[in-house]
Amino acid sequence: MKKVLLFGLVLFFTSSLALAQMTVSGTVTSSEDGIPVPGATVLVKGTTIGTATDLDGQYSIDVLSGSDVLVFSFVGLRSQEVNVNNRSIINITLVPEITSLSEYVVRSYGDQTRREVTGAIASVKGEVFEDLPMQSLDRAMQGRVAGVQVSSSSGQPGGTLNVRIRGVGSINAGTQPLYIVDGVQVAAGGLSGQGSQNALASINPNDIASIEVLKDAASASIYGAQAANGVVLITTKRGANDRTKLRLSVQEGIVQPMGLYQVMNANQLASIKRQAYINAGLNPDEATEIFGSPGDRELTDTDWVNAMYREGRLSVYDLSMSGGDEKTQFYLSGSHTFHEGQVIMSDYSRTTGRLNLTHKPTNDLTINANIALSRQITNGSIDRGNFVNSPFVSAYLARPNVPIYNEDGSFAPYPNAHLFGYNIVQGVMQELRKGVSYQTVSNLQLTYRILPWLAVTGFAGIDFADNKDENNRPSTIPAFSAYGGSSFYSDSRLINTNANGNFNFDKKFNDLHTVTGILGYEYKYAIDERTSAEGRNFPNPVLRYLQNAAVPFSVGGYYTEYKRAGFFSQARYDYDDRYTAEVTLRRDGSSRFGSNNQWGTFGAASVGWRLSSEPFMENAVWIDNLRVRASYGVTGNSSIENFQSRSLVGTGGQYLGFGALRFVQLGNDLLTWEESASTNLGVDGTFFNGRIIATADVWRKDSNKLLFDTQLPIDSGFGQITRNAGSLRNQGIDLDIQTTNVVYDKFRWSTNFNISIFSNELTELYEGLDSLGTDLIVGKPIEFFYAYEYAGVNPANGSPMYLDKDGEYTYFVGDEDRKYIGSALPWNYGGLSNIFSYGPVSLEVFFQYQYGNLAFNQDLYNLAQAGSLGQDNQTIDQLNFWRQPGHVTNTPKPYEGGNIPGQSRYQQFSTRLLSDASYIRLKQVTLNYSLPAQFLKKVGVQQGNIYVQGLNLWTFTRYNGIDPEVNSVGATSLEASTYGTYPSSKQLTAGINFTF
Amino acid sequence: MSMVMKKSIKIFLQVVIVALGSCTQLDTSPRQSLTPEIALADLSGYEALAFSMYNRANSFNYYGQTMMIAPEILADNLRVITNTGRYVGEEVNADRAHIDIWNGNVFGGINDANLIIEGIEGEEVKGDEDWKKIIKGEAYFMRALFYFDLSRVYSYEPGREVDNFNLGPILRIEPTTTASDADFRTRSTNVQVYEQIEQDLLNAIDLLPYSTLGQPPSEREFGVYRANVGAAFMLLSRVYLYWGKMAEAEAAASTAMNILGLSSNGTGLVDAGSYVEAFSTAPHPESIFELEIRQVDWSSVDGVNNSLNSLTSNTNAAAQFILGASNDLIQTFEAGDVRRNTWVETTAEGIEGPVYASRKWTGFKGDFLENLPILRASELYLIRAEARYETNPGGARADINALRSRRGLGPVDAVLSGQPLLNRILLERRQEFALEGHRFFDLKRNGRDIPKHGSFLEVPYTDYRILSNIPLSQIELNDQLEQNPGYN
């Protein structure tokens, strides 16, 4: 018990404190030796009101009413719940928790638990996002953790997200953090080739106890390799030595589009097209033949967009059970989610199951096993890209004077001359796009205590995903009828294993000096394998399996692998809970690098000083806790393709039935780790009896030896080679404040606010270059827009004008006229959450925002060209086109072909299509009512809540498209596909949960 | 728990840690690729490189589409029927709407060739020596073709320079195998590049095997799907014609005709009745060099998205049919000319009057698929006629008449000479090779202004848009790379 207690000294983690109607105080002691327990948590059950015991194990807490229940907990001891019963003094004796050993000794690796840290760590507790209808844990961090920017790369239900911790640390290598679920290093990213399917969604967010984000080198460098982009630790729930609890949660709701482009109706399009033909000197009757007559009231007028979008259903069912005895504890859960998209035929379902077991056969041995299974099914849409079979492109572009259906209800043929003759409604209804993934993230861990102060741990984990994609294009769709329809199948497997062994020690001398440490070895092996086949010519469109294909059309496949090994060590010294120092050293090797450059050494050092424990601070009673810390360290990044350092001769297709080979990659044997050196200065404070809890960090991250795809002259036959070159600097401030603003009677208002301010700058290229064309410029952020400056429409003649390099008006722009316009990265972002409660009713209002980035809306590249582009329908604002000399407008005159002779084409990468993508979004509103306990008891229920909530309810932005979030991944050029992205949706749900 | 169990768990943990500790090897193998040492250890590796050159030539941004269509629409042979955004700029000769082949596909093909030429005869390369020579000959031939195309797209022909701008493409005749090989270079002059092309073709002629016209491949013979002596002579004669070396062009064309069994009266060409059908035959009976394409070369939507057949014809119901013959082209055909029959009159929504769909690119192999005849025998008559027209107009007329006799037409005016004779030769070329990627280059190499169909504005020969622009990214990357005039 002693050691547990001593360790507890440094486990002084903070929760909200509050003033309220009555104060309860007392002392928490341990049953093992009767010594007071400092740093134990005291929480008012069902709220976020809480405090921690002081060095003498004493606490004082304000409760709302005398009937509240207090929850006492401390690592290593079993939690206890006590009814206040109008008592003002409650002394509690906690008994040792059977799982104490595991929680205690494996703290530093694998299962890293909350602890006193000298690095920059932020965390989100599972309760914060419990029962929110989001599919993946990365979403849970959005707006809730300072320094973590989360944006959707697709609004598809279950789709992938883009997560960046503290800026963008690399140019070509990966920028996603390392995710570790209960010690298993999992692969983030997409699973399916048919739409966007998030590998992280395999973990049910309701199973998560907490998410910890390691932001600086001091906290992350124990993970050396890959830690350069930060580390996200996910800890799932475990059972306790307690009676068995059952929790049931049911939620139902609807999904709606957040917004849609308004496009022209048939008469409007006919009128602008007629004008375009006239302006271009063409025969306007030809326009009438295609688009109909502008004044024709009988003109077919199809609302393609309306036919494509819908209000979808959303259901989430969740059931969990937990409990255990002294030797064995368990957590068992199952969930099912069904989420229809806002677009027809698009839906997502997920089923998960989990069993977390802890067993302690002897006092010295602990066995932990976590077994999780999931199935994800994504149906429907292409999630981005300029494709005619994407609903986000073609529904807007399709001609309104063409019907969707024939009179007999069958699909009408769409004219071949436009959109490849693709009737988008028919296409989306009849084309099958389906991705099914089965995944497990599981692990086994044994910990054996060799000596009272020394333990050894063996750990093995696996992240295994099996994905099957299917794309069936039946012959009923005219575009596919020529070859009798096709079916494409692909099977892929991602196998990610990691194992580690480590020694932990923890010893205290003279009651003042504590030394802890870890020494270990880790190995990781990942395989990615895929096989695919396509067959064509099916005798009947209903048949879609390959044995029915008359023509075996094509086969494909790939295999790739990598290995990583690392030795790690960490030592930590603590003096009297006042001074802390920690050193981490890690040496990692990766198969991805040149054979002589595979190994890199990373490390960090950090110090902390708790001012509030100093005798001279004793008089400052308003300070509950005050601590400053500083850290410096270096972490590595190896997120490149697996064989990027090698010269490769790969497939060059075929000729005459013989396989062709060619140099597909020029190798660089010198390739080695990208390094990121980070400095962090932080302060943590709790003031006024917990009314204000604040954390502030100032940080700088210098990324060096970037894994840089440096360009080669294409006349060499190669476009690029990866080298270690260039440097980047990210720096900023993370601020996180929780306040309890008002406590009056039963009313309570608390606020959580976080903001991250950062800048990103390319500090060095290679070979003394100060720019790489217009892709990268030293001194600028790495993602920016370099474009023509649009100068509006000449009122005299309706031609679009630009400002040339000298700032003069011109109709014709060349390469030199492009200018640096602005950054694609926001310079600040964060979230604001307010919780209001009155007795059993609570309301949470959560905003998330980002500010200061531009975005180029590629949708408008076709949709907003003044009716000049062939048969494409246009946004309705294009009707404000230039009409006669003197007309002042921003939309040029319609001109068929979009190219007035002697002038630049209408379709330009200009500021006309760029807009400020800053936004503030009302991300979540939840109204919750806790059902009366007395009523619940009668029906055998311990606790029950009923709630309604909405997601993405309102967005304030000046962005010129639908969803600034999905377009905020920082596309800098036309090649980047922000075309036709699946926008986020609005979700409204109502739910109920019971704990038995 | 028993002591035995305790012990066994201790042992287990020790084993885990020791096993992990010993496991530091990081060997992995890229199972779907080879290292250069393994790939190029024997002849079959080099032959696979040769297949890569042909495969690249088939791509849509080269002969698979661009090189066949763009030279037609940049001039006066084609019109856009449906505005899908494609070739709309080329139709009006918009700024930078030109032919873009300054890419990794063409230069990658050159590097394939360079690797073969430098390495295949190495002693350590296992394989038959005669076979090595043939493959080396193919590499010379393909390198010549790649550089010839780069030259005619990005450079003025020697002697036809505007404002004395005489730069050709960047010349590389050694392989790039390491990053240091990929140095920044300046453009060579047009003459230097032509000299290299000439030398490559002469080398190829020494090494390559023979093929007859329209010969399909067999066990030991390439046929016309791979480089051969006749093809090399024919390309050489075309190169000389572009270069203005008329005597050499005539001689090379004559040699090619002898090799291929083409007589001065046109025997050896298909007869008039088979002209249209010949384009739906594999290989084309007049082909001396033809690229073979198979379905696996295309992704599942390439046929409808990118094939020549889909873009220019309506033979397939799902075809895009966005490009048709210009009315100007149709009007040039004399009565009885079977070449007129490669165009079928039809209508299109939004266009008054008839439009014309191709029957050259018919997708006869199914799913929009067909081969690409690159060098067709009839061109030899036209090359020789053009090479002769100033010095031997009678011979030129005879060559034209030989071709015309095979196209359902009688002889031309017996006194035709000088510019009118040249005009006639260019017209025959226009009609014979419509949609085969010659028109713009035929006008350009003769220093002619580029006429356009309908009301589109003619492009004077001195206009900067005669040459294509080198991609901006390359100009920005390589300080020594000079952009073509007018593009900045």
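Two residues are in contact if their C-beta atoms, placed from the backbone, lie within 7 Å. By that criterion, the contact between chain A and chain B takes 86 residues from chain A and 82 from chain B.

Before going on, the provenance. This is a predicted model, where local features need pLDDT of at least 70 and side-chain atom pairs count only at pLDDT 80 or more, while totals for chains, interfaces and linings use all residues. Residues are numbered from 1 along each chain as its sequence is written, and chains are lettered from A and ligands numbered from 1 in the order in which they are written.

Back to the interface. The side of chain A that touches chain B divides into 40 nonpolar, 34 polar and 12 charged residues. Here Ala, Val, Leu, Ile, Met, Phe, Trp, Tyr, Cys and Pro count as nonpolar, Asp, Glu, Lys and Arg as charged, and the others, Gly among them, as polar.

Next, a sheet in chain A. Strands are DSSP runs of E, at least two residues, and helices are runs of H or I, at least four, numbered from the N terminus. Two strands pair if DSSP finds at least two bridges between them. The sheet is open, with four strands in the order β3-β2-β5-β6 and antiparallel pairing. Its edge strands are β3 (50-52) and β6 (77-83). Inside chain A, β2 (41-44) and β5 (69-74) pair over four bridges, and A:Leu43 stands opposite A:Val71.

Last, chain B. This chain has 19 helices and six strands. Its C-alpha atoms fill a box of roughly 115 × 55 × 50 Å, taken along the principal axes.
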